[in-house]
Amino acid sequence: MEQNICFYCNNRLYQLTNGMVKCSSCAKKYSPLKLQRDIDVLDAFIESTTAKECAIKLNLSYQIVFNRYEHIRKLLIEHSYDYFEYKRDKLDEFEEYMYICKSKKKDYTNIIESQNFITFAYKDKVYNFLLPSLKRFQTKVDNGNSEIAHGNEFKKFMLTSHISKLKTIENTITKFWRFFEVFITPYKGVKSEYFLSYLKEAEFKFNYTKKEQKEILIHLWKNK
């Protein structure tokens with residue numbers, strides 16, 4: 001990172017007495033030390049270093065790293081949506097996928113906790129759309145436990161709702177699913193409210209090289 005060139009617009013920087021710098025053109029002020037820390041966190045994210053590992057490596061608090069990772073994932077969701085809007089007419093293959101944590105796959109009743117999404121493909125890139133939760137088929141019984149309600153309705157849904165349009169058995173979509181399963185396994189289960197963020201992270205890392213990832217993320221960062 002060039003010390004005398006503005007991170008945001010590549011123009012000349014002025015040194016301020018408090019250790020910060022100010023750009024002569026865009027007038028942005030920032031701390032070079034904080035910026036370098038954020039770049040180091042960004043690099044760790046691209047390398048798929050966990051937030052805990054990154055915090056230890058960079059001698060930062062876990063919360064600081066976690067918040068930065070979540071901010072990056074929000075940028076990826078926006079980037080993914082923009083890609084979809086740009087390519088939506090060219091996404092000519094798609095198929096539905098049902099993800100459930102490996103530890104829960106042995107028991108069929110756990111299917112209600114699965115995360116369902118549709119993967120669209122255009123050449124060597126994918127876009128994923130998260131579907132509504134299957135928990136709408138779940139209800140409480142007298143003992144307070146949950147069970148799958150409306151059995152016939154649920155079975156009919158599972159048999160008839162599968163969405164698919166593929167040209168070949170082996171394709172970009174199936175490659176992404178294998179990538180996703182490897183990517184998500186170390187997390188040992190992701191809460192529903194965070195699942196989309198992790199899905200979009202996997203999508204981003206599948207679609208781009210590490211060099212491209214950093215270029216895109218820095219561009220998004222500069223423009224937010």
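Lys34, Arg37, Asp38 and Arg68 are linked in a network of salt bridges, a salt bridge being a side-chain nitrogen of Lys or Arg within 4 Å of a carboxyl oxygen of Asp or Glu. The whole structure holds 11 salt bridges. This is a predicted model, in which local features need pLDDT of at least 70 and side-chain atom pairs count only at pLDDT 80 or more, while totals for chains, interfaces and linings use all residues. Residues are numbered from 1 along each chain as its sequence is written, and side-chain values use heavy atoms, with hydrogens and water left out.

**Salt bridges of arginine 73**

- Arginine 73 forms a salt bridge with glutamate 70, with 2.9 Å between the closest N and O atoms.
- Both residues lie in helix H3 (residues 62–87), three residues apart, about one turn of the helix; helices (H or I, at least four residues) and strands (E, at least two) are DSSP runs, numbered from the N terminus.
- Arginine 73 also forms a salt bridge with glutamate 201, where the closest N and O atoms are 2.7 Å apart.
- This second pair links distant parts of the chain, since glutamate 201 belongs to helix H6 (residues 192–207), 128 residues from arginine 73.
- Arginine 73 counts as buried because its relative accessibility is 3%, where buried means under 20% relative accessible area, exposed over 50% and partly exposed in between (1.4 Å probe, protein chains only).
- Glutamate 70 is buried at 13%, and glutamate 201 is buried as well.

- Aspartate 43 and lysine 214 meet through their side chains in a salt bridge (2.9 Å, N to O).
- The two residues are 171 apart in the chain, with aspartate 43 in helix H1 (residues 32–46) and lysine 214 in helix H7 (residues 210–222).
- Aspartate 43 is partly exposed at 26% relative accessibility, and lysine 214 is partly exposed at 28%.

**Strands S5 and S6**

- Strands S5 (residues 115–122) and S6 (residues 125–130) run antiparallel and are joined by six bridges; two strands pair if DSSP finds at least two bridges between them.
- Tyrosine 122 has lysine 125 in S6 as its bridge partner.
- Two residues separate the strands of this hairpin, and lysine 123 takes a positive phi near 55°.
- Glutamine 115, in strand S5, counts as buried because its relative accessibility is 12%.

**Cysteines**

- The count of disulfides (cysteine sulfur atoms within 2.5 Å) comes to zero.
- For cysteine 9, the nearest cysteine sulfur is that of cysteine 23, 3.3 Å away.
- The sulfur of cysteine 26 is too far for a bond, because its closest cysteine sulfur, in cysteine 23, is 3.6 Å away.
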